[in-house]
Amino acid sequence: MATDFKFIPVIDISPLLAKYDDPKMADDPGVYEVVRQLDQACREAGFFYVKGHGIPDSIIKEVKSVAHKFFELPYEEKLKIKMTAATGFRGYQRIGENITKGVPDMHEAIDCYKEVKEGMYGELGKPMEGRNQWPSNPPNYTELMEEYISLCTDLSRKIMRGIALALGGSPDEFEGDRAGDAFWVMRIIGYPGVSTSNGHGPRNDIGCGAHTDYGLLTLVNQDDEITALQVRNLSGEWISAPPIPGTFVCNIGDMLKIYSNGLYDSTLHQVINKAPRYRVCVAYFYETNFDTAVEPLEICKQRTGGAKKFGRAVYGEHLVSKVLTNFG
């Protein structure tokens, strides 16, 4: 459960990445220290920054740069990859089209999901069937994003091995039937800067309303020099998560909250861009297998009194219900 944290910790995960596939990784002092910090961050805030993650700074910057270029295009051009139910909810959505708790969000976005082939998950996966729609310009957009997704998937899996140890399990806790074939979601999001040209300020300055994330772990790649992401602590205060160059902001999602039997909470967060400049954020969401039935891990039940605090949830059902509520 989140506490009255006042800041979000920064964790150097390089010792974990150096030993992630070592059968004796849990005995390594460097890994032990990373795991201790992950556990503390997940218990106290549900949010943390990671540095020493190994993803080149050049690609982190390039994905934001091409996102800026796309959002600068004329509206008619962006509509060429418009998101609809027929596209499996993949593609471009205009400002105000995404709804959080009944209120339109002041952002535009390209939504992408791991490919779901026809019939792959039966009726469960039907609404998400489709392939991603990528902009045709620049010509390397698809290749760039697919490389970035692959790097984020690999990094998330390694961080989850550390979190598995933090929960008292084996490093492989989130492999196999749980997340061995992890689903992923990526949102390339653009938040307009504050405009006061009408003398009355913006009609709604909430770029994205207060929400928790759906899956296991989120990696947030945000524009430098614009602080807009806010995380709510136990007292209801909104704590800023300013961009720190060379890091990702990470947070845990609803499925990890269930697996941990409440030891870790998925923390409410929101985005308010008060800067005059346009802000881009690329959020990658690492999930369980699409059709996995998620329930508290045995080790976590033992650590929390022996009883299950949460019922069983199928990740795909959870995702589809949220998508249909947000865009349906």
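Author: Let us begin with a term. Helices are DSSP runs of H or I with at least four residues, and they are numbered from the N terminus. The model shown here is predicted.

Reader: How does one find where empty space is left?

Author: A probe the size of a water molecule is rolled over the atoms, and this shows where empty space remains. In this structure, the largest pocket holds about 650 Å³ of space. Its lining comprises 39 residues, and those closest to the centre of the pocket are Cys 208, His 211, Thr 212, Asp 213 and Tyr 214.

Reader: Which element supplies the largest share of the lining of the largest pocket?

Author: Helix 10 does, with 6 residues. Helix 10 spans 315-327, and other elements that each supply at least two residues include strand 7 (184-191), strand 8 (208-211) and strand 14 (279-286).

Reader: How do the residues of this lining of the largest pocket divide into nonpolar, polar and charged?

Author: The lining of the largest pocket has 19 nonpolar, 12 polar and 8 charged residues.

Reader: How many cavities of 30 Å³ or more does the structure hold?

Author: A cavity is a space where the probe fits but cannot get out, whereas a pocket is open. The structure holds 1 cavity of 30 Å³ or more. The largest cavity contains about 50 Å³ of space.

Reader: Which residues line the largest cavity?

Author: They are Arg 157, Met 160, Arg 161, Pro 171, Phe 174, Glu 175, Ala 179 and Tyr 286. Helix 6, residues 141-166, gives the most to this lining, namely 3 residues. By class, 5 residues lining the largest cavity are nonpolar and 3 are charged, with no polar ones.

Note on methods:
Residues are numbered from 1 along each chain as its sequence is written. This is a predicted model: local features need pLDDT of at least 70, side-chain atom pairs count only at pLDDT 80 or more; totals for chains, interfaces and linings use all residues. Side-chain values use heavy atoms; hydrogens and water are left out. On a 1 Å grid over the protein atoms alone, a cavity is a set of points where a 1.4 Å probe fits but cannot get out, and a pocket is an open set with protein on both sides within 12 Å along at least five of seven lines; lining residues have an atom within 4 Å of a point. Grid points are joined across faces, edges and corners, and a volume is the space filled by probe spheres set on the points. Ala, Val, Leu, Ile, Met, Phe, Trp, Tyr, Cys and Pro count as nonpolar, Asp, Glu, Lys and Arg as charged, and the others, Gly among them, as polar.
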